[in-house]
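Dear colleague,

Please find below the structure that I am handing over to you, followed by an account of what was found in it. I would be grateful if you read the notes with the model open beside them.

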Amino acid sequence: MTTPSARQTRRHRGLWVLLAAALLWFSGLVGIALRPLLLAALPRLRPHVEVSRHGREVWPDPAHGAILTVSRPRLQRLARELLGPKAWMIPPRLLPERYAFAGRASIPLDEGAAPMELPFVVRITPGLRAPRLFVRLPSHLINQALDYEGSFASRRKTHTYLLGHYDTIHWLRFDTATITSELSDKELRRPITFRRLAGQATGQVRLQIKENIGSARTTARVKRMELRCDLDFKRYADGLAIAYQITIPKLDADINNVAPLFESGPTEALRKRLEASIARPRRLERMARRRFPPGMPLDLALHVEVFRSDPEP
């Protein structure tokens, strides 16, 4: 028969065990102890991400690819936003204050495009207010990824007029491009409901016009194409909605052997043609209906650069 003193002793022992467990948990010692297990599991991520190396060393930037810099507090905040009350199950100090990961990710550049293998480096760095993403890509990889039927870079459209109809087909190839977006300190202190991505590009456009009485071809050398993408964010009970509008405010191009149908304002006609191809209404509607995780980093500082390159032999 258990005496009252024995039951009280066990109760006190259980309280001390619980107190010790709570102390280990919230002090971060449990997180530090579990950290090797987490880091050992990262290289086995599949199927879209593969971590090839990680550690406290400073990995060099890849010749092309993505570089993400983020702080540990921001990663912890992201976990809380994504997991909600379940985030308490992640022990403190599970991630190091300074660390780096390198590997490859499989990412599609356009809806319906084949995924592109993209090298990446992720650096956990203290003292960073907002995450920063720098992407540098060779033009031949961009053009290969967008070279499929239905891509905004390769479009066919049928037009009707008094004498019948004709088809226009264009092939857009990029040489260089830059797109940037960064928020000021004042903007970072307010809820983020709008972002603007702006930049410019150069390249070449080949146009073919097919009519019932024949066809014509022309080539445009794009010396400067301004790009703008406005993003609006709205939060709903089932997630984050993103609406976007892509425009080409200005186009400077040299067009060779202008076809008759493009004789009136050929550069402006080409600008409208490319803008309509990039910002198709159906695609905008599909994006507006989608819901994204509420913890998406809307304050991400972004810089994308495309440099001119030749296809590999």
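Arg123 lies in strand E4 (residues 116-124); helices (H or I, at least four residues) and strands (E, at least two) are DSSP runs, numbered from the N terminus. This is a predicted model, in which local features need pLDDT of at least 70 and side-chain atom pairs count only at pLDDT 80 or more, while totals for chains, interfaces and linings use all residues. Residues are numbered from 1 along each chain as its sequence is written, and side-chain values use heavy atoms, with hydrogens and water left out.

With a relative accessibility of 17%, Arg123 counts as buried; buried means under 20% relative accessible area, exposed over 50%, and partly exposed in between (1.4 Å probe, protein chains only). The side chain of Arg123 makes a polar contact with the side chain of Asp61, at 2.7 Å. A polar atom of the Arg123 side chain also lies 2.6 Å from the backbone oxygen of Trp59. A polar contact here is a pair of N or O atoms within 3.5 Å; within protein, one must be able to donate a hydrogen and the other to accept it, and residues adjacent in sequence count only if both atoms are side-chain atoms. Apart from neighbours within four places in sequence, the residues in contact with Arg123 (heavy atoms within 4.5 Å) include Pro60, Ile67, Val70 and Tyr99.

**Strands around E4**

E4 pairs with strand E3 (99-107) in the antiparallel sense, over nine bridges; two strands pair if DSSP finds at least two bridges between them. In this pairing Tyr99 stands opposite Ile124 of E4. E3 is also joined to strand E1 (residues 49-55) by six bridges, and these two strands run antiparallel; Arg53 stands opposite Ala102 in E3. Seven of the nine residues of E3 are buried, so E3 is largely enclosed by the rest of the structure.

The loop between E3 and E4 holds Pro115, which is exposed, with a relative accessible area of 52%. Leaving aside neighbours within four places in sequence, Pro115 is in contact with Ser106, Ile107 and Pro108. The C-alpha atoms of Pro115 and His48 are 9.3 Å apart, and the two residues are 67 apart in sequence.

Strand E2 (residues 65-70) pairs with strand E5 (residues 132-138) in the antiparallel sense over five bridges, and Ile67 has Phe134 as its bridge partner in E5. E5 runs parallel to strand E12 (residues 301-307), to which seven bridges join it. Pro138 stands opposite Phe307 in E12.

Which residues of the largest nonpolar core touch the most other members? Of its 51 residues, they are Phe152, Phe174, Val205, Met225, Leu231, Phe233 and Leu270. Strand E9 (residues 214-236) gives the most to this core, with seven residues. A nonpolar core is a set of buried Ala, Val, Leu, Ile, Met, Phe, Trp, Tyr and Cys residues joined through side-chain atoms within 4.5 Å. Not counting residues up to four places away in sequence, Val205 touches His170, Trp171 and Leu270, among others.

Gly199 is placed in strand E8 (residues 194-211) and is buried, at 19% relative accessible area. Beyond four places in sequence, Gly199 is in contact with Thr178, Ile179, Met225, Glu226 and Leu227. Gly199 and Thr180 are 19 residues apart in sequence, with their C-alpha atoms 6.2 Å apart.

**Two helices**

The 13 residues of helix H6 (residues 266-278) should span 18 Å at 1.5 Å a residue, and the end C-alpha atoms are 19 Å apart, which agrees; the expected span is 1.5 Å times one less than the number of residues. Leu270, Arg271, Arg273, Leu274, Ser277 and Ile278 are the buried residues of H6. Seen down the axis of H6, these fall within an arc of 165°, so they line one face of the helix; the arc is that of the directions from the helix axis to the C-beta atoms.

Arg72, Arg74 and Ala79 are buried in H3. They cover an arc of only 160° around the axis, which puts them on the same side of H3. Gly84 follows H3 and has a positive phi, near 65°.

**Overall**

The protein has seven helices and 12 strands, and 37% of its 313 residues are buried.

Yours sincerely
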